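Please keep the sequence and the structure in view while reading.

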Amino acid sequence: MRWQLRFLGVGSAAAVELGSPMAVIERDGAPWLTIDCGGEGLTAYRATYGAMPDALFITHVHLDHVAGFERLFVDAFFNPARRGRIRLYVPATVVPLLHRRVADYPNVLAEGGANFWDAFQLVVVGEAFWHDGIRLEVFEARHHWPQTAYGLRLAGSVVWTGDTRPIPEQLARFAAAGELIAHDCGLHGNPSHTGVDDLEREYDAALRARMVVYHYGSVADGQALRARGLQVAQLGQLWPLAEPTAARAG
């Protein structure tokens, strides 16, 4: 099988021209699992695949990661073949935040008779979950507030940090099998995001060599990150992945 990571967007919340920080794990050229549901990212998904996603993992609920949910709801709810079948894998502590952010609105349809969650199959996850017979792992990121943001590991293949400060202790455990590491990194760090100085201080050269960074502020910032020796993801770019070593059902 051929596995790839497609970056549907690589920008920070203010860098609309770079798209929402969102990605798709592909298997044999088809979307397998989507990470997050940003507004620009959902538009890019539809333009790339000609449809809406069938399975998503949600890292956290800042709007550049979940602003596409209203469109996804409408697309699913009014399609009997899709209603209630879109799988949403959401970390347990994120579920109430996601509900308040996108679902808790009086009468999601003006006509009544619908609940937001009718459109989806919500799968609440802890430290791991199964998707399409393959086990994925979940770990806490350092972003904004404890237990509100999480990363994802497909063992042996890819680690997606989500929005985060440096997390060397997590990557020592969850990126120990040669995975490609897609890591939050801008030109300048802040209390919620990693900057290039943070990246260079917290991770050794061998680990940085496996990283591709995203969530930067502009095209110029991306060029400056490349000048520092980093691999920098671009909008729409595909990265080849190793065959996963993750546990499989059966």
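The structure is a predicted model. Its chain of 250 residues has a radius of gyration of 17 Å, which agrees with the value near 18 Å that a compact globule of this length would have. The chain contains eight helices and 14 strands.

**Overall form**

- Along its principal axes, the C-alpha trace of the chain spans about 55 × 45 × 35 Å.
- Of the 250 residues in the chain, 54% count as buried.
- Among the contacts with a separation of 6 or more, 58% are made by residues 24 or more positions apart.

**Surface and charge**

- The chain exposes about 10800 Å², and carbon and sulfur atoms supply 51% of that area.

**Salt bridges around Arg 82**

- The whole structure holds 13 salt bridges.
- In one of them, the side chains of Arg 82 and Asp 54 meet with an N to O distance of 2.5 Å.
- Arg 82 lies in the loop between helix H3 (69-77) and strand E5 (86-91), while Asp 54 lies in the loop between helix H1 (39-49) and strand E4 (55-57), so this pair ties together parts that are 28 residues apart in sequence.
- Arg 82 is buried, at a relative accessible area of 14%, because buried means under 20%.
- Asp 54, by contrast, is partly exposed, with a relative accessible area of 48%.
- Arg 82 also forms a salt bridge with Asp 75, where the closest N and O atoms are 3.1 Å apart.
- Arg 46, Asp 54, Asp 75 and Arg 82 are linked in a network of salt bridges.

**The salt bridge between Glu 200 and Arg 228**

- Glu 200 pairs with Arg 228 in a salt bridge whose closest N and O atoms are 2.8 Å apart.
- This pair links distant parts of the chain, 28 residues apart: Glu 200 belongs to helix H6 (residues 196-202), and Arg 228 to the loop between helix H8 (219-227) and strand E13 (231-232).
- Glu 200 is partly exposed, with a relative accessible area of 29%, and Arg 228 is likewise partly exposed, at 39%.

**Leu 199, a buried residue in helix H6**

- Leu 199 has its place in helix H6 and is buried, with a relative accessible area of 0%.
- Leaving aside neighbours within four places in sequence, Leu 199 is in contact with His 183, Cys 185, Thr 194, Arg 208, Met 211, Val 213 and Leu 230.
- The C-alpha atoms of Leu 199 and Pro 106 are separated by 43 Å, and these two residues are 93 residues apart along the chain.

**Val 24, a buried residue in strand E2**

- Val 24 is placed in strand E2 (residues 22-27) and counts as buried at 0% relative accessibility.
- Beyond neighbours within four places in sequence, the contacts of Val 24 include Gln 4, Leu 5, Arg 6 and Leu 8.
- Further contacts of Val 24 include Pro 31, Trp 32, Leu 33, Thr 34, Tyr 45 and Tyr 49.
- The C-alpha atom of Val 24 is separated by 18 Å from that of Arg 85, a residue 61 residues apart from Val 24 along the chain.

How values were computed: Residues are numbered from 1 along each chain as its sequence is written. This is a predicted model: local features need pLDDT of at least 70, side-chain atom pairs count only at pLDDT 80 or more; totals for chains, interfaces and linings use all residues. Side-chain values use heavy atoms; hydrogens and water are left out. Helices (H or I, at least four residues) and strands (E, at least two) are DSSP runs, numbered from the N terminus. The radius of gyration is taken over C-alpha atoms; the globule rule is 2.2 Å times the number of residues to the power 0.38. Buried means under 20% relative accessible area, exposed over 50%, partly exposed in between (1.4 Å probe, protein chains only). Contact means heavy atoms within 4.5 Å. Accessible areas come from the Shrake-Rupley method with a 1.4 Å probe; for residues, only the protein chains shown count as cover. A salt bridge is a side-chain nitrogen of Lys or Arg within 4 Å of a carboxyl oxygen of Asp or Glu.
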